[in-house]
Amino acid sequence: MTSNFIAVDLGASGTKIILGSFNGKLLDIKKIGYVNSFHYEKNNLSWWSFSKIYDSVMEVIDKVTKHYDVESVGFDSWGVDFGLLDKKGILINDPLQYRTMFKAKDYIRNVIDENKNYISERIPTQFQPFNTVYQLLFYKKTHKELLKKADRILSIPSLFAYKLTGKKYYEFTQATTTQLYDYRAKKWDYEMIKTLGIPKIFPEVVPPGTVFNSDQKYKVVLPASHDTGSAFASVSAKSNQVMIISLGTWCLNGVVVSKLPKTQEILEYNYAVEGCADGRLRVIANTTGLWLFQKLKEQWNSTDNPVTYEKLVKMAENASSFSGYINVDEEIFQKTRQMDYEIANESKKLSGKVPQTRNEIARIALEGIALKIRKTKENIEKLFGYRLNKIRIVGGGINNKLLCQMIANATNLPVIAGPADGTTIGNLLLQLLALNYVSSFEQGYELLNNSFKFKEYKPHNTSMWDKAFGKFIKMVKQN
């Protein structure tokens, strides 16, 4: 007998809805819907249209559940963004779109500067102006009336769960993205919250795999509701010598550990510390990923000359290696609408080399990602005092075979790529665990290994990449 589950992976670029079917031995997945992530501009800021996203997702789920008996639905999403509920449980306003905080940062630069060190010392994790704590400080300075009305704050997946069940909870992996939740003590840092003047609106935090009854025929599950948490859950991380990369719009690359290095070292590298599905923590670099390719595709695509991701990869393959260098984490890449111009301009600033063709620009983007991953690999080895011996890559980025090979070459480590739908598969695995279809993570990983295909990339041309990396590091230090 086959049991069915739905994984909803809410993404900043769009939402994937996957049906997982489990026959007791294998897990099969099928894409059943894709929904735009609707947003709009207001007061020079971007906001998510939550009702449009919710209604569109539920329309797909309702259609599917008419044809399948579905045991449960699990929701995951990007981190940091949230909605505010009033005392009646009504959503006060649409969630702020996290990328817009690069603009909003200018409005509250003094607020950030005054509080950054205090916040980072209490909860050491990567500084980003879009972290939940800074979004709330932005609200406090510019939208006080919204905070005054607020009774509860909920992450995006928790908002979905609340709409279906009436339950108001944060899930552990999402809570760790806020920089308001003390991942060491496993509780909200109310002393810091009070000091910052943020109202006490934080709900109970529940573990990954929490199940709620709903008024529907199916149960609602908060899996590892942060999408990176679910992505990392799709590969075995028992060994701390395995570097895991969730490769998509962002490139989340790092290791899963039980014990953290010193606070100062985490802050020095500006690494994120986030919760994992099994309660451990991952230390990761939040590197710009295929966002660069997404923007190049948008910019170069036209009716007369359609540009696909496959075509972009071919263009990169046909370019010479290292015709320029960029630091992919430069903030301008998050803001620009002229990605090709900024890549060429940053290459000129960093290396003195100006790419002459679109092919070279496409290749420089991919090489830039691979070089930053090499830097993370070396930093992680210094932080923890041991050598990494393998890389696992999950996410849609595994379809970019050229980038996967570049990562193997740059790091001189074997790369195992798969599954492509790592986030939704991790989401489904947490549902299977929560409903006792599998008894442990170990049994779950055996199931996934039997159910999906993986591709291995062995490093080559490593001396060329070693030289390029040495040049890159010198350029970054000089700039």
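Analyst: Start with Arg-184. Arg-184 is partly exposed, and its relative accessible area is 44%. Keep in mind that this is a predicted model.

User: With which residue does Arg-184 form a salt bridge?

Analyst: Look for a side-chain nitrogen of Lys or Arg within 4 Å of a carboxyl oxygen of Asp or Glu. Here the partner is Asp-182, and the closest N and O atoms are 3.3 Å apart.

User: Is Asp-182 buried or exposed?

Analyst: Buried means under 20% relative accessible area. Asp-182 has 15% relative accessibility, so it counts as buried.

User: How many salt bridges does a search of the whole structure find?

Analyst: The search finds 20. One of them pairs Glu-191 with Arg-122, at 3.6 Å from N to O.

User: What does the pair of Glu-191 and Arg-122 tie together?

Analyst: Check where each partner sits. Glu-191 belongs to helix α8, residues 190-195, and Arg-122 to helix α3, residues 109-122. The bridge therefore ties together parts that are 69 residues apart in sequence. Then check accessibility. Glu-191 is exposed at 51%, while Arg-122 is partly exposed at 24%.

User: Now a charge without a bridge. Which side chain of opposite charge is nearest to Asp-81, and how far away is it?

Analyst: It is Arg-99, at 9.1 Å. The salt-bridge cut-off is 4 Å. Asp-81 is buried yet has no salt bridge.

User: Where is Asp-81 found, and which side chains make polar contacts with it?

Analyst: Asp-81 sits in the loop between β6 (70-77) and β7 (82-85). Its side chain has a polar contact of 2.8 Å with the side chain of Trp-48. The side chain of Gln-135 also makes a polar contact with that of Asp-81, again listed at 2.8 Å.

User: Which other residues does Asp-81 touch?

Analyst: Leave out residues up to four places away in sequence. Asp-81 then touches Leu-96, Gln-97, Tyr-98, Ser-155 and Ile-156, along with Trp-48 and Gln-135.

User: Let us turn to the backbone. Which residues does a cis peptide bond join, and what is omega?

Analyst: Read omega for the bond. Gly-418 and Pro-419 are joined by a cis peptide bond, with omega about 0°. Pro-419 is placed in the loop between β20 (415-417) and α17 (422-434).

User: What is phi at Asn-43, and where is this residue found?

Analyst: Asn-43 has a positive phi of about 55° and is not a glycine. Asn-43 is in the loop between β4 (39-42) and β5 (45-48). At 59% relative accessibility, it counts as exposed.

User: And what is phi of Asn-436?

Analyst: Phi is near 65°, a positive value in a residue other than glycine. Asn-436 lies in the loop between α17 and α18 (441-451). Asn-436 is exposed, with a relative accessible area of 69%.

Methods:
Residues numbered from 1 in each chain as written. Predicted model: local features only at pLDDT ≥ 70, side-chain atom pairs only at ≥ 80, totals over all residues. Heavy atoms only, no water. Helix = DSSP H or I, 4+ residues; strand = E, 2+ residues; numbered from the N terminus. Buried < 20%, exposed > 50% of the residue type's maximum accessible area, 1.4 Å probe, protein only. Lys, Arg positive; Asp, Glu negative; His and termini not counted. Polar contact = N/O pair within 3.5 Å; in protein donor to acceptor, adjacent residues only side chain to side chain. Contact = heavy atoms within 4.5 Å.
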